[in-house]
Amino acid sequence: MSDPMEEIIRNALDRSPLIYVEEEHPDAKGLDFYLPFVGVHIEVKQFHSERIAEQMSRADNVIAIQGIGAAKLFAQMLAPGDGQ
């Protein structure tokens, strides 16, 4: 089952012109999303967790999105009119 927070960002990325891979891809370094053409990772959390410090240390240029409100706003910025 897909994480609802990640689904918000995935849907927006699908509607955006950005190319991305998900955490299973080696280039994603275990972070939720990686945008290879801009070299930026995205990690999505519903709540703060102690694990995020270790995750953020895996890569430079990581956007951390914490909370449903932040995810919805970021989705709107990626794909205006997304409806999230």
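Colleague: Where do E7 and R10 lie, and how many residues apart are they?

Modeller: In this predicted model, both residues belong to helix α1, and they sit three residues apart, about one turn of the helix.

Colleague: Which residue forms a salt bridge with E7, and how far apart are the closest N and O atoms?

Modeller: A salt bridge pairs a side-chain nitrogen of Lys or Arg with a carboxyl oxygen of Asp or Glu within 4 Å. Here E7 pairs with R10, and their closest N and O atoms are 2.6 Å apart. The side chain of R10 also meets that of E6 in a salt bridge, at 3.8 Å from N to O. E6 and R10 are four residues apart in helix α1, so about one helical turn separates them.

Colleague: Is R10 buried or exposed?

Modeller: Anything under 20% relative accessible area is called buried. R10 has 12%, so R10 counts as buried. E7, at 28%, is partly exposed.

Colleague: Which parts does the pair of E22 and R10 tie together?

Modeller: E22 and R10 form a salt bridge with closest N and O atoms 2.7 Å apart. E22 is in strand β1 and R10 in helix α1, so this pair ties together parts twelve residues apart in sequence. Shared partners then join E6, E7, R10 and E22 into one network of salt bridges. The structure holds five salt bridges.

Colleague: And what about Q55: buried or exposed?

Modeller: Q55, in helix α2, has a relative accessible area of 1%, so Q55 is buried. The side chains of Q55 and E43 are joined by a polar contact of 3.2 Å. Leaving aside residues up to four places away in sequence, Q55 touches L31, E43 and K45.

How values were computed
Residues are numbered from 1 along each chain as its sequence is written. This is a predicted model: local features need pLDDT of at least 70, side-chain atom pairs count only at pLDDT 80 or more; totals for chains, interfaces and linings use all residues. Side-chain values use heavy atoms; hydrogens and water are left out. Helices (H or I, at least four residues) and strands (E, at least two) are DSSP runs, numbered from the N terminus. Buried means under 20% relative accessible area, exposed over 50%, partly exposed in between (1.4 Å probe, protein chains only). A polar contact is a pair of N or O atoms within 3.5 Å; within protein, one must be able to donate a hydrogen and the other to accept it, and residues adjacent in sequence count only if both atoms are side-chain atoms. Contact means heavy atoms within 4.5 Å.
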